[in-house]
Amino acid sequence: MLAADTRQRLLVAVAAATRFGAGILLGTGLAFYLGRNDASALVVGLVTTAYFLGMTVFSPFWGAVADVTGRRRTVLVATGLGATLALAPLFLFSGVWVPILSRGLYAVFAVGFAPVMLAVVSARGGDDGRGRSLGFFNAARATGFTGGQLAVGMLLGLLAPEGVYAVIVAASLASTLVVVFLDDSVAPKPDSQPTVRELLAEVRRRLLPAVDDRDHLRRNGLWMLYVALALRNGTVMGLFGLMPVYLPETLGISEFTMGVLLAINPAGQTVFMLLFGRVADAWGRKPLVVVGIAGSGLFALVAAAATLFSGPLRLGIAALSFVIIAAAFSAMTTGALAFIGDVAPDKRESELMGLRSTAKGVGGVFGPVVVGGLAGVFGYPTAFAVGSSMAFVAAGLAGWKLVESREGVVLPGGGAVPGDD
């Protein structure tokens, strides 16, 4: 019989792996099918834009609903069911715009998973173990991404589109069933359950705070973290939205090899997330955020440089770019999540985790359009190189404005970050 804590960790891991595995199968598969049907780079990029548009609007919404009601598990189940049902149009209709609209509808619900589950995981870790707890969650998330990318490379060659969609539905439904058994007792409970009108009014107040209700966004430069994440995501999502076309068409890589290359990133994250979780607790949050964002810009430059080579060396450079983004994303994400957990008021943690997704979503909306538009005019390498500038600007802003949030942390060069007393 598994101990209660071990059982809950296992549930979190399975739910995260299947939820994010389903998402990556859907995004990569739809982009590949559009590219195979001769859609432009801009249209292919809209598959990613549609997802992040849903994230921008609804991720903080679901996080705020979970905070206001104190019913995190209920929100996880409801959004999981909604995400699964949103896949129905793929079986019923055809055309270029159906995949884009379906993924946008899927995002409306699926993006509720991350902010709510992150709040659960952060609370379970507590002040002393938050970095390690979040690192465990992100390692499970990365496992789902890895499995999804490896699977999509094989499934695209073995199954018709409807078969691939059926696998995605199964993974999405599995994640939903798992969270039914999640213990959400760590969630702060309201004094009384709000009515629907009170709930919507409170959610609106939190998402659009008055001028005198924004102090929590200023603490330790939190608002600048969101700005930096948006710019960084413009670079990375601009590239990843085009990878299912760039790798096979520009670099001449097969579907199976494409799946393997795309899997390097999340596979690396399973290791790097755990490593940087410990680094975040020992050395602080800000260094990881700044280095991780800068590494995202380096990823874009190395990916563009792959076109300068041929044969095995081209494949090696492409693989190196995905190792770089695995380390960069792990550092940035672990540092940013722990930073938010440090500075967020207890009853606004899901909300602020959701706002992080909104910031990423903003980058995911404009990044694929900008990079996809540039690629259509100047080609992929130039578009990738120009797109890298957004990440480097973001790293500079984070280094300038963020204030370390980990109290008493011993820095690598000596000294310590003082507390608030």
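How are helices α1 and α11 oriented to each other?

## Basis of the model

This is a predicted model, in which local features need pLDDT of at least 70, side-chain atom pairs count only at pLDDT 80 or more, and totals for chains, interfaces and linings use all residues. Residues are numbered from 1 along each chain as its sequence is written, and side-chain values use heavy atoms, with hydrogens and water left out.

## Packing of α1 and α11

Helix α1 (residues 4-36) packs against helix α11 (residues 243-250) at an angle of about 50°, and their axes lie 8 Å apart. Helices are DSSP runs (H or I, at least four residues), numbered from the N terminus; axes are lines fitted to C-alpha atoms over the stretch in contact, and angles run from 0 to 180 degrees between N-to-C directions. The two helices, α1 and α11, are therefore oblique to each other, a class left after roughly parallel (under 35 degrees), roughly antiparallel (over 145) and roughly perpendicular (65 to 115).

## Location of Leu-158

Leu-158 is placed in helix α6.
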